[in-house]
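Let us walk through this structure together, step by step. Please keep the sequence and the 3D view open as you read.

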Amino acid sequence: MAKNSVLKVAKRLDASNVAEFKAEAVSRLEGPALKLLVIDFSETGFLDSAGLGALVSVLKNVSQSKDKRLALAALSPHV
(Lines give C-alpha, C1' and ligand atoms only; values in the text may rest on other atoms or scores of the structure.)
Protein backbone atom coordinates (compact mmCIF):
# COMPACT_ATOMS: atom_id res chain seq x y z
CA MET A 1 0.00 0.00 0.00
CA ALA A 2 1.31 3.45 -0.96
CA LYS A 3 2.18 5.66 1.97
CA ASN A 4 2.56 9.40 2.54
CA SER A 5 4.74 11.01 5.17
CA VAL A 6 4.68 14.56 6.52
CA LEU A 7 7.94 16.11 7.71
CA LYS A 8 7.33 19.21 9.83
CA VAL A 9 10.10 21.80 9.57
CA ALA A 10 11.30 23.72 12.64
CA LYS A 11 10.82 27.47 13.07
CA ARG A 12 14.09 27.95 11.21
CA LEU A 13 15.72 25.88 8.50
CA ASP A 14 19.28 27.12 8.46
CA ALA A 15 22.89 26.02 8.78
CA SER A 16 22.34 25.03 12.40
CA ASN A 17 19.82 22.28 11.63
CA VAL A 18 20.05 21.29 7.96
CA ALA A 19 21.98 18.09 8.71
CA GLU A 20 19.18 16.80 10.92
CA PHE A 21 16.54 17.88 8.39
CA LYS A 22 18.28 16.11 5.50
CA ALA A 23 18.91 12.97 7.56
CA GLU A 24 15.24 12.76 8.54
CA ALA A 25 14.04 13.39 4.98
CA VAL A 26 16.36 10.76 3.50
CA SER A 27 15.42 8.28 6.20
CA ARG A 28 11.75 8.69 5.34
CA LEU A 29 12.43 8.45 1.61
CA GLU A 30 14.21 5.13 2.09
CA GLY A 31 10.95 3.49 3.14
CA PRO A 32 9.94 1.26 0.23
CA ALA A 33 6.22 1.95 0.63
CA LEU A 34 6.61 5.75 0.69
CA LYS A 35 5.19 7.46 -2.39
CA LEU A 36 4.86 11.08 -1.23
CA LEU A 37 6.93 13.13 1.20
CA VAL A 38 5.19 16.34 2.24
CA ILE A 39 7.44 18.95 3.83
CA ASP A 40 5.30 21.11 6.11
CA PHE A 41 6.49 24.70 6.58
CA SER A 42 3.52 25.87 8.67
CA GLU A 43 5.75 26.77 11.63
CA THR A 44 8.76 27.96 9.63
CA GLY A 45 9.54 31.66 9.57
CA PHE A 46 13.13 31.62 8.30
CA LEU A 47 14.98 29.77 5.56
CA ASP A 48 18.58 30.60 4.63
CA SER A 49 20.75 29.42 1.75
CA ALA A 50 21.77 26.29 3.67
CA GLY A 51 18.12 25.42 4.14
CA LEU A 52 17.43 25.99 0.45
CA GLY A 53 20.41 23.79 -0.39
CA ALA A 54 19.00 21.06 1.85
CA LEU A 55 15.68 21.24 0.00
CA VAL A 56 17.47 20.92 -3.35
CA SER A 57 19.37 17.92 -1.99
CA VAL A 58 16.14 16.24 -0.90
CA LEU A 59 14.59 17.01 -4.31
CA LYS A 60 17.57 15.38 -6.06
CA ASN A 61 17.12 12.32 -3.86
CA VAL A 62 13.42 12.14 -4.79
CA SER A 63 14.11 12.64 -8.50
CA GLN A 64 16.36 9.57 -8.54
CA SER A 65 13.30 7.45 -7.82
CA LYS A 66 10.53 7.39 -10.41
CA ASP A 67 7.86 6.33 -7.93
CA LYS A 68 8.37 8.95 -5.19
CA ARG A 69 7.16 12.53 -5.07
CA LEU A 70 7.88 15.61 -2.98
CA ALA A 71 5.44 18.37 -2.00
CA LEU A 72 5.99 21.57 -0.04
CA ALA A 73 3.07 22.70 2.13
CA ALA A 74 2.06 25.79 4.10
CA LEU A 75 4.82 28.05 2.87
CA SER A 76 4.58 31.59 4.20
CA PRO A 77 5.16 34.49 1.79
CA HIS A 78 8.38 35.28 3.65
CA VAL A 79 9.79 31.76 3.28
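**A charge over a ring**

Start with Arg 12, which lies over the face of Phe 46, at 4.1 Å from the ring centre. A charge is said to sit over a ring if NZ of Lys or CZ of Arg is within 6 Å of the ring centre and within 35 degrees of the ring normal. Before going further, note that this is a predicted model, in which local features need pLDDT of at least 70 and side-chain atom pairs count only at pLDDT 80 or more, while totals for chains, interfaces and linings use all residues. Residues are numbered from 1 along each chain as its sequence is written, and side-chain values use heavy atoms, with hydrogens and water left out.

Now look for helix α2, which covers residues 49-63. Helices (H or I, at least four residues) and strands (E, at least two) are DSSP runs, numbered from the N terminus. Helix α2 has 15 residues and reaches 21 Å from its first C-alpha to its last, close to the 21 Å expected at 1.5 Å a residue. That expected span is 1.5 Å times one less than the number of residues.

Which residues of α2 are buried? They are Gly 51, Ala 54, Leu 55, Val 58 and Val 62. Here buried means under 20% relative accessible area, exposed means over 50%, and partly exposed is in between (1.4 Å probe, protein chains only). Viewed down the axis of α2, these buried residues fall within an arc of 100 degrees, so they line one face of the helix. The arc is that of the directions from the helix axis to the C-beta atoms.

The face of α2 turned away from its buried side carries the exposed residues Ser 49, Lys 60 and Ser 63. For Ser 63, the relative accessibility is 55%. Leu 52, also found in helix α2, is partly exposed, with a relative accessible area of 48%. What covers the buried residues of α2 includes β2 (12-13), α1 (18-29), β3 (34-40), β4 (46-47) and β5 (69-73).

Next comes Asn 17, in the loop between β2 and α1. A polar atom of the Asn 17 side chain lies 2.9 Å from the backbone nitrogen of Asp 14. Leaving aside neighbours within four places in sequence, Asn 17 is in contact (heavy atoms within 4.5 Å) with Ala 10 and Arg 12.

Follow the chain into α1. At 1.5 Å a residue, its 12 residues should span 16 Å, and the end C-alpha atoms of α1 are 16 Å apart, which agrees. Its buried residues are Val 18, Phe 21, Ala 25 and Leu 29. Seen down the axis of α1, they fall within an arc of 65 degrees, so they line one face of the helix. On the other side of α1, Ala 19 and Glu 20 are exposed.

Finish at Ala 74, in the segment after β5. Ala 74 has a positive phi of about 60 degrees although it is not a glycine.

Definitions and conventions:
A polar contact is a pair of N or O atoms within 3.5 Å; within protein, one must be able to donate a hydrogen and the other to accept it, and residues adjacent in sequence count only if both atoms are side-chain atoms.
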